[in-house]
Amino acid sequence: MRKTSQTEDKKMLSTKKLVDLGLVISLLLLATLIARVTLYSTVTARAQLTQETLARLESNLSLAMKYIGCKERTSGTDCWQFFYQVCPTDWLLYNGKCYFFSQNTLTWDGSRSECLTSQADLLIINDQMEQLFISNKTKNESLWIGLTDRDQEGVWKWVKGLSLQSEAFWGCNQPDNSDNSGNAEDCATVGSITYCGGASSRWNDARCEKKYKFICEKEAEDRKMDFPT
């Protein structure tokens, strides 16, 4: 009887050891699983973080290239996000330039001197859009612009020695280099021409000594040029 009891005790001890061993193995397997899950989560999170970092770097690079293009004036799109442009008081802003329409009258040379004192110059009209902008402001009067042929008769040049391109906006039969006094007309105005087919805001040649109002022009000032973060 004693021997049977000892045998049963041994069996129970052996069973307990197996249970304990199973428990240890289960705990080890659980710990391994948790470690693997944690490792997977960490790797996934790092991979996602890396992708987000790369995407942010690519976005910043694209933004930097666009910023450089705007600052160097090689790009005209979306530049508003980097800076805005301003003009002095009483000047009009249009397409990156500032325009001043005088209220006093001066000779062509006097007008240019007045513009130069404001770090500007007499108006240079570059294209049809600018001509239309000016025409809308000069429908009922003539104003000096920075165009003359005083250096060589018939060869019209803008101030600063810039050549007149093929796109010109002379009025009908202009320039004609003559007025009622017989003096040469070597300086140009823009504005109302009330002959030859009705009124229009075009160019006309006039004596440089005559007094007209005038238009000054200069580049607009850039503000807020800090690179966005």
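K97 stands opposite E219 in β9. This is a predicted model, in which local features need pLDDT of at least 70 and side-chain atom pairs count only at pLDDT 80 or more, while totals for chains, interfaces and linings use all residues. Residues are numbered from 1 along each chain as its sequence is written, and side-chain values use heavy atoms, with hydrogens and water left out.

1. Strand β9 spans residues 213-219, and five of its seven residues are buried. Buried denotes under 20% relative accessible area, exposed over 50%, and partly exposed the range in between (1.4 Å probe, protein chains only). Strands (E, at least two residues) and helices (H or I, at least four) are DSSP runs, numbered from the N terminus.

2. Strand β3 (residues 97-101) pairs with β9 in the antiparallel sense, over five bridges. Two strands are taken to pair if DSSP finds at least two bridges between them.

3. Strand β4 (residues 121-122) also runs antiparallel to β9, and two bridges join them. Here D121 has E217 of β9 as its bridge partner.

4. Strand β5 (residues 142-148) pairs with β9 in the parallel sense, again over two bridges. Within this pairing, L143 stands opposite K213 of β9.

5. How many salt bridges does the structure hold? There are four, a salt bridge being a side-chain nitrogen of Lys or Arg within 4 Å of a carboxyl oxygen of Asp or Glu.

6. One of these joins the side chains of E217 and K97, at 3.6 Å from N to O. The pair links distant parts of the chain, with E217 in strand β9 and K97 in strand β3, 120 residues apart. Are these two residues buried or exposed? Both E217 and K97 are buried.

7. A salt bridge also forms between the side chains of D109 and R150, at 2.8 Å from N to O. This pair links distant parts of the chain, 41 residues apart: D109 lies in helix α2 (residues 108-116), and R150 in the loop between β5 and β6 (157-158). D109 counts as partly exposed because its relative accessibility is 38%; R150 counts as partly exposed because its value is 37%.

8. E141 forms a salt bridge with K213, whose closest N and O atoms are 3.4 Å apart. E141 lies in the loop between α3 (128-137) and β5, and K213 in strand β9, so that the pair links distant parts of the chain, 72 residues apart. With 34% relative accessibility, E141 counts as partly exposed.
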